[in-house]
Amino acid sequence: MKKLSLLLLTMILILSACGTNKEDKKETKSNKDEVFTIGVIPAQTEGEMKGALDKLQKVLSEKMEREVKITSYPDYNGVVEAMNYDKIDMAYFGPLTYVVAHEESGAKAIVTQLIKGEPFYYSYLITHKDSEYKNLEDMVSDVKNVKFAFGDPSSTSGSLIPSIKLKEEGIYRSESDSDFNNVRFTGSHDATALAVQNKQVDVGAIDSAIYDKLIEEGAIDGEQFKVIWKSEKLFQYPWAVSKSTDEKTMKKLQEIFLDIKDKEILDAFGATGFTKADNKDYESIRKAAIKEGTIQE
């Protein structure tokens, strides 16, 4: 009887060990088989981005040895919500949407693009070449007649930074409370540029890198514009992963992005390359967001 009991116990232990090994293998396999999802903010028009994003998706899938799916979202907040609710593993954020996502769900910046070799850009205030405004002071002095355009409410350069500057000038408090003739949010940088070019608004806030790219591509006529204000340097848009991402995956993603030389992919982001990024690079944006009440300290 004792021998039989001992034999049964031995068999149970062997089967348990085999089951554990199978489960371990199954877990490792399923993790690699899971689709790695990436959400992208509408930095530019969807049509211009699609080809580059398809190519980037292919590069990432091949080098990560797992399926990667990139989705372009219609608005900035949609990407933040997707990260907050674990719908995506990685996101291409604007600096402001990144600090919000970091605050709400622990998103971690790992990569950003280089523009002419530097990871910086600016917020511009642009006007039509026929405008009488040569600088910010000219616009402020005639504010009662100015039709002004921001981009997306969650845009760093198209809303946050210029709104702080206009508040400092004492001419803007909110969309419904300002000294302007009219204030609108166009929803995107290219829409703002076109609104200024077509004289639908007098002055608009825009991302400097996207502004340059729209001119380069011929989407707008650069001869029709004047830049009347330029912000301090802003750290470029980050690619950030979810809080649960392991170090090995983060390092692999950094290696892949830093190795990208494909012109179509780089051009889609107005970039000359990619470089590593870290949460501390966005501290100035975080402080601006706190100042505006976008996030709580």
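Because the model is predicted, local features need pLDDT of at least 70 and side-chain atom pairs count only at pLDDT 80 or more, while totals for chains, interfaces and linings use all residues. Residues are numbered from 1 along each chain as its sequence is written, and side-chain values use heavy atoms, with hydrogens and water left out.

The protein chain has eleven helices and 15 strands. Both are DSSP runs, numbered from the N terminus: helices are H or I with at least four residues, and strands are E with at least two. The chain holds 297 residues, and 48% of them count as buried. Buried means under 20% relative accessible area, exposed means over 50%, and partly exposed lies in between (1.4 Å probe, protein chains only). A contact is a pair of residues with heavy atoms within 4.5 Å. Among contacts between residues at least 6 apart in sequence, 79% join residues at least 24 apart.

Six strands form an open sheet with mixed pairing. Their order is β2-β1-β3-β14-β4-β15. Two strands pair if DSSP finds at least two bridges between them. Strands β2 (68-72) and β15 (273-276) are the edges, and each pairs on one side only. From one strand to the next, the twist averages 25 degrees. Within the sheet, β1 (residues 36-40) and β3 (residues 90-92) run parallel and are joined by three bridges. Gly 39 has Ala 91 in β3 as its bridge partner. Helix α9 (residues 247-258) packs on the sheet. It touches β1, β3, β4 (108-114), β14 (238-241) and β15. The direction of α9 makes about 5 degrees with that of β4. Axes are lines fitted to C-alpha atoms, for helices over the stretch in contact, and angles run from 0 to 180 degrees between N-to-C directions.

A helix pair was also examined. The axes of α4 (residues 95-105) and α11 (residues 283-291) come within 9 Å and cross at roughly 80 degrees. Therefore α4 is roughly perpendicular to α11. Angles of 65 to 115 degrees count as roughly perpendicular, those under 35 as roughly parallel, those over 145 as roughly antiparallel and the rest as oblique. From α4, Pro 95, Leu 96, Val 99 and Glu 103 meet Ile 285, Arg 286 and Ala 289 of α11. These residues divide into five nonpolar, no polar and two charged. Ala, Val, Leu, Ile, Met, Phe, Trp, Tyr, Cys and Pro count as nonpolar, Asp, Glu, Lys and Arg as charged, and the others, Gly among them, as polar.

In soluble globular proteins, nonpolar side chains tend to be buried together. A nonpolar core is a set of buried Ala, Val, Leu, Ile, Met, Phe, Trp, Tyr and Cys residues joined through side-chain atoms within 4.5 Å. The largest such core here has 93 residues. Phe 93, Met 139, Phe 148, Phe 180, Trp 239 and Phe 269 touch the most other members. Helix α2 (residues 46-64) gives the largest share, seven residues. Leaving aside residues up to four places away in sequence, Phe 269 touches Met 49, Leu 53, Tyr 92, Gln 113, Ile 115, Lys 213, Trp 239 and Phe 274.

Some residues other than glycine have positive phi. Glu 65 sits in the loop between α2 and β2, with phi near 55 degrees. Its relative accessibility is 56%, so Glu 65 counts as exposed. Lys 116 lies in the loop between β4 and β5 (120-121), and its phi is also near 55 degrees. Lys 116 is exposed because its relative accessible area is 72%.
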